[in-house]
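Please read this report with the model open beside it. It goes from the whole chain to single residues.

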Amino acid sequence: MSSSFARAIATVGGYTMISRVLGFVRDMLQAAVLGAGPESDAFLVAFKLPNFFRRLFGEGAFNAAFVPVFAGILATDGQRRAVIFAEQAMAVLLAALILFLGLAEGGMRYLTMAMAPGFIGDPERFELTVYLSRITFPYLLLVSLASLQSGVLNSLDRYAAAAATPILLNLCMIAAMLGLVPILGARGLDGVAEALAWGVVASGVAQFLWLAYACRAAGAPLRLPVPRLTPDVKKLLKLLLPGVLGAGIIHVNVMIDMMIASLLPAGAVTHLYYADRIAQLPLGVVGAAIATALLPLLSRQIRQGEAEAAHGSQNRALEYGLMFTLPATAALIALADPIMLVLFARGAFSLADAAETARVLQAFALGLPAYVLVKGLTPGFFAREDTRTPVRFAAICLVGNLVFNLGLMPWLGAAGVALATSLSSWLNVGLLASTLHRRGLLSFDARLRRRAPRLLVASLVMAGAIFALLPWLSPILQPGHLWRYPVFAGLCVGGAVLFFAVGHALGGVNLRDIKALRRRG
């Protein structure tokens with residue numbers, strides 16, 4: 001179990017890493033051509049709108065309800081019966097999304113007012129946001145269907161195709177910047193933003209077609225029947241409703257951040273976006289990989305009565321999460337300024353933008369272990385078809401995030417918004433872990449209790465070494481210096497080597513575990 005689980009995490013994480021690297025290329029190009037002004041803010045709001053609902057309908061509540069039901073049918077009735085259920089679920093999802101898409105397109109001005117109230121006082125930025133949002137919103141329909149296809153493939157232990165899908169988003173947006181920006185950008189930054197919006201839609205088409213082919217190759221082609229409320233679909237909807245509320249509350253936190261940021265001076269939305277993109281690297285590579293691999297695994301183990309195996313899977317998920325996120329947190333805090341200077345300080349993205357984005361990144365980084373631990377804890381509820389309990393905790397965290405935002409934003413600006421997100425995520429970890437423990441569904445085994453504090457010490461040693469070197473290296477890391485790229489790369493690689501060396505010496509990291517994560521076959 002442990003070896004196959006590690007390989008699943010490695011498969012998802014490996015492809016996600018490729019996607020994140022391409023994402024950095026995309027972000028660097030985007031920052032250079034669009035900067036951090038009102039046009040950038042408008043595009044990012046238009047990009048976040050369909051992604052908010054994607055996480056709600058696709059990756060969030062729908063998959064949390066769909067995967068356990070699909071995996072259960074797969075385990076008891078076989079693949080053919082499970083595929084029929086997936087087709088029925090896809091038909092109902094598509095019908096609901098078409099209706100929602102029509103309503104959203106018609107009411108986009110009101111939706112934009114709700115999501116970015118600070119833009120109302122800036123008519124040009126507001127109108128551009130509405131226009132771009134109408135272009136990007138169909139992405140929601142396409143990527144939500146792709147998410148269902150991913151759930152089918154993951155449940156069949158076919159992780160590679162689904163994990164590679166986000167690569168297509170980055171490739172399409174890079175292609176849009178290289179191909180469309182020279183054409184549409186002739187009329188200014190508004191045209192650059194429009195080119196990026198069309199790239200988003202193209203990526204949705206590419207992802208859907210790619211996964212449709214992958215499902216067919218896996219022996220699970222998904223046809224589209226007439227939508228019907230079959231018993232299995234009714235069971236799905238029964239699980240879905242509280243999940244929608246829970247996922248909605250969780251992702252409303254993100255929208256609250258954007259709404260509050262829209263009230264700050266122009267550029268705040270962009271600073272939050274680029275800082276979050278950097279912070280999302282370990283979350284996407286490790287957190288999403290753990291959640292993707294853990295949910296179907298736990299669902300099968302629980303359905304088959306393998307309580308001890310489920311306990312071991314949960315502990316290894318938390319251990320792997322901490323092994324990567326503790327050093328990532330320390331590194332992002334220590335390297336925040338160099339990261340922004342090297343990656344983004346060029347073209348329309350100024351040194352002042354880089355400095356402010358670095359402050360926001362440090363605030364996001366404080367919550368990084370919490371973001372990943374939530375990904376490792378929530379499958380403990382979803383795999384047992386309990387989508388209600390996380391709703392209560394998500395509601396508490398929503399209130400907490402709002403309170404933290406209102407208290408911190410006036411003093412810290414965009415960094416206060418990021419810090420509020422981190423604090424509310426730690427609150428969520430405490431609620432989820434304590435409840436699972438109280439129910440007898442979570443206890444930290446000896447291996448996790450022994451390794452976790454040693455991982456923390458190794459991370460602090462690495463951060464201390466980086467902070468000690470920065471005063472000497474900062475002049476080299478400034479824009480335009482010939483050696484800034486190799487010096488920055490050396491800091492990153494040296495920090496990673498130091499962490500693993502200290503961690504191995506202390507007994508927090510076992511190199512055999514790293515080798516197990518690297519093995520795919």
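## Basis of the model

This is a predicted model, in which local features need pLDDT of at least 70, side-chain atom pairs count only at pLDDT 80 or more, and totals for chains, interfaces and linings use all residues. Residues are numbered from 1 along each chain as its sequence is written, and side-chain values use heavy atoms, with hydrogens and water left out.

## Overall fold

The protein chain has 21 helices and zero strands. Helices (H or I, at least four residues) and strands (E, at least two) are DSSP runs, numbered from the N terminus. Of the 521 residues in the protein chain, 59% are buried. Buried means under 20% relative accessible area, exposed means over 50%, and partly exposed lies in between (1.4 Å probe, protein chains only).

Contact means heavy atoms within 4.5 Å. Among contacts in the protein chain with a separation of 6 or more, 83% come from residues 24 or more positions apart.

## Helix 6 against helix 9

Two packed helices are described by the angle between their axes and the distance between the axes. Axes are lines fitted to C-alpha atoms, for helices over the stretch in contact, and angles run from 0 to 180 degrees between N-to-C directions. Helix 6 (residues 139-155) packs on helix 9 (residues 189-217) at about 25°, with the axes 8 Å apart. Helix 6 and helix 9 are therefore roughly parallel to each other. Angles under 35 degrees count as roughly parallel, over 145 as roughly antiparallel, 65 to 115 as roughly perpendicular and the rest as oblique.

The crossing of helix 6 with helix 9 is left-handed. That term applies if the near helix is turned anticlockwise from the far one by less than a right angle; clockwise gives right-handed. On the helix 6 side, the contact includes Y139, L142, V143 and L153. Helix 9 contributes residues including V200, G204, F208 and C215. By class, the contact of helix 6 with helix 9 has 14 nonpolar, five polar and no charged residues. Here Ala, Val, Leu, Ile, Met, Phe, Trp, Tyr, Cys and Pro count as nonpolar, Asp, Glu, Lys and Arg as charged, and the others, Gly among them, as polar.

## Helix 19 against helix 20

Helix 19 (residues 446-473) and helix 20 (residues 484-506) cross at roughly 150°, and their axes come within 8 Å. Helix 19 and helix 20 are therefore roughly antiparallel to each other. Their crossing is right-handed. Helix 19 brings residues including R454, V457, M462 and L473 to the contact. Helix 20 supplies, among them, V487, G495, F499 and L506. The contact of helix 19 with helix 20 has 16 nonpolar residues, three polar and one charged.

## Salt bridges

How many salt bridges does a search of the whole structure find? The search finds 10. A salt bridge is a side-chain nitrogen of Lys or Arg within 4 Å of a carboxyl oxygen of Asp or Glu. R26 and D27 form one, at 3.8 Å, N to O. R26 is buried at 1% relative accessibility. D27 is buried too, at 0%. A network of salt bridges links R26, D27 and R277.

E127 and R109 meet at 2.9 Å, N to O. This pair links distant parts of the chain: E127 is in helix 5 (residues 123-136) and R109 in helix 4 (residues 108-115), 18 residues apart. E127 is partly exposed at 39%, and R109 is partly exposed at 33%. R359 and E356 form another salt bridge, at 2.8 Å, N to O. Both lie in helix 14 (residues 351-365), three residues apart, about one turn of the helix. R359 is partly exposed at 37%, and E356 is partly exposed at 21%.

## Two buried residues

Q88 sits in helix 3 (residues 79-106). Q88 is buried, with a relative accessible area of 13%. Leaving out residues up to four places away in sequence, Q88 touches P225, R228, T230 and V233.

I278 belongs to helix 11 (residues 268-303). I278 is buried, with a relative accessible area of 4%. Its contacts, not counting residues up to four places away in sequence, are F24, L332, I339, M340, L343, F344 and L361. The C-alpha atoms of I278 and D27 are separated by 9.8 Å, while the two residues are 251 residues apart along the chain.
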